[in-house]
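Please open the model in your viewer and switch to a cartoon display, so that single stretches can be selected one after another. The tour begins at a turn of the chain and moves on from there.

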Amino acid sequence: MPKIIRLSEFQYEIPIFTINKDFDGFYAQFLKTHLGKIYLSTPFSELGQAFKLKDSKKGTHCYFSPKGKIALMMLKNYYGCSDKKLIELLNGNIFMQFFCDILIPINKPLTNFKIVSQIRVELSKGLNIRKSQEILAKSWIPYMKDLDKMFTDATCYESEVRFPTNQKLLWECVQWNYKQMESLCRILQIKLPRTKYLDWCRRYNEYSKKRKKQSKYRTKVTRGLLKLLYKLNGELNKIENQNSFVFTLKYKQQRSIITKVYQQQAQIFKTGKSVPDRIVSISKSYIRPIVRGKEVKQVEFGAKVNKIQIDGINFIEHIQYRAFNEGTRLQSSIFCAQNLTKTKIKMLGADAIYATNKNRTFTSGCKIQSDFVRKGKAGKNEEQRKILAREIKKERSTRLEGSFGKEKEHYNLKKIKAKTKKSEILWIFFGIHTANALEIGRRIFIKSLNIAA
């Protein structure tokens, strides 16, 4: 087991710095890096309390402190690499080790890269988005301006799933059922029921290799897979009823998901119409198709997030794995912003979907200036209103919508590769706030330079 040293336990009085006596120089160089700026702006101890992280005295001693666990998740989003690659980088980079509050010996590096996913699962159980964002906002507000101005919009952070077609989904269900039936028959020492699974392996492989899958072939494959899935479901039911054994919770959940998939796909095949609450992946059954209507992607599969932005800093107002109308969340977005900043909103930038009659009445009653297209007769100050609305719209389209692309391209949010719903939400949370922390860190660093000058 590698001898990992936690820097916080030694208050930096560790051999690497006491020998060189150059900690001040090291720290100054560290703050010039992007990691140093994120380190400056992140309230690690308060976030650790919000996540309810404690060092357990029982069991195996964890290499990472509560502060180090949060820092490791931020590193994951900042570098955008795999868990294995992240541990390799951590072993060889002293700045990353300092950021994560550990010192790893050169001759005994960390090798267990699964520790990253274990920490991700641990943090996902204690994530409270509202409480954590209040802590971050309280720490960042001294370095923010124009707190009475807010922008809001929604975007989708896609999960990493293969594009779901009816045939792919049915084949996944068939494969899972057959493998479970094989395992049960082997354990219970009973004869494996006869099915056409092996024939369909060959037929489906031939179908999947076709470059153009014509409608008549899709219909044949779908009909055959539905019949095979129905038979496998029936055989599994017989085995479960005739033999007494304890089912695991995961097995029960997967069986109920596949049963629901069969019912939905049979209805789609019969009627030719989609069904509500449609399952598109048996491994991530919480994901639903979200129709976006974009030129490149008409449908996206992942979490839809309604966000607010104050002075270039983004916060999550609402996150959900189902399609929702963000226009109905304007009032809650304004209340969320006012709760975070303790400042009344006076100026609002939002997309056209937010400009409902109810929202117009609300913003007018609260004397909030917006960039909504005017309805009715022009007022006395129409020219000034047009100029202000144009400026608000321009800033919203550049800063807010630009931040969506920046987070997806540079903070590992283009495809969310976590395996569970809670860990996906945690991934999105740290991606958004790592970008915020770097921006606030730059402001803190510039302010410190101006004070020194």
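Begin by selecting Lys342, which follows just after helix 15 and takes a positive phi of about 60 degrees; keep in mind, as you look, that this is a predicted model.

Within helix 15, show the side chains of Leu330, Ser333, Ile334, Cys336, Ala337, Leu340 and Thr341, which are buried. If you look down the axis of helix 15, its buried residues fall within an arc of 160 degrees, so they line one face of the helix. An α-helix has 3.6 residues a turn, so residues three or four places apart point the same way.

What lies over these buried residues? The cover of helix 15 includes helix 10 (129-140) and helix 16 (357-365), together with strands 3, 5, 6 and 7.

From that cover, select strand 5 (299-310), where 11 of the 12 residues are buried.

- Strand 3 pairs with strand 5 in the antiparallel sense over eight bridges, and Glu158 stands opposite Gly302.
- Strand 4, residues 289-291, is also antiparallel to strand 5, with three bridges, and Val291 has Val299 as its bridge partner.
- Strand 6 runs antiparallel to strand 5 and is joined to it by seven bridges, with Gln309 opposite Asn314.

Finish at the hairpin of strand 5 and strand 6, where two residues lie between the strands and Asp311 takes a positive phi near 50 degrees.

Note on methods: Residues numbered from 1 in each chain as written. Predicted model: local features only at pLDDT ≥ 70, side-chain atom pairs only at ≥ 80, totals over all residues. Heavy atoms only, no water. Buried < 20%, exposed > 50% of the residue type's maximum accessible area, 1.4 Å probe, protein only. Helix = DSSP H or I, 4+ residues; strand = E, 2+ residues; numbered from the N terminus. Arc of directions from axis to C-beta. Contact = heavy atoms within 4.5 Å. Pairing = 2+ DSSP bridges.
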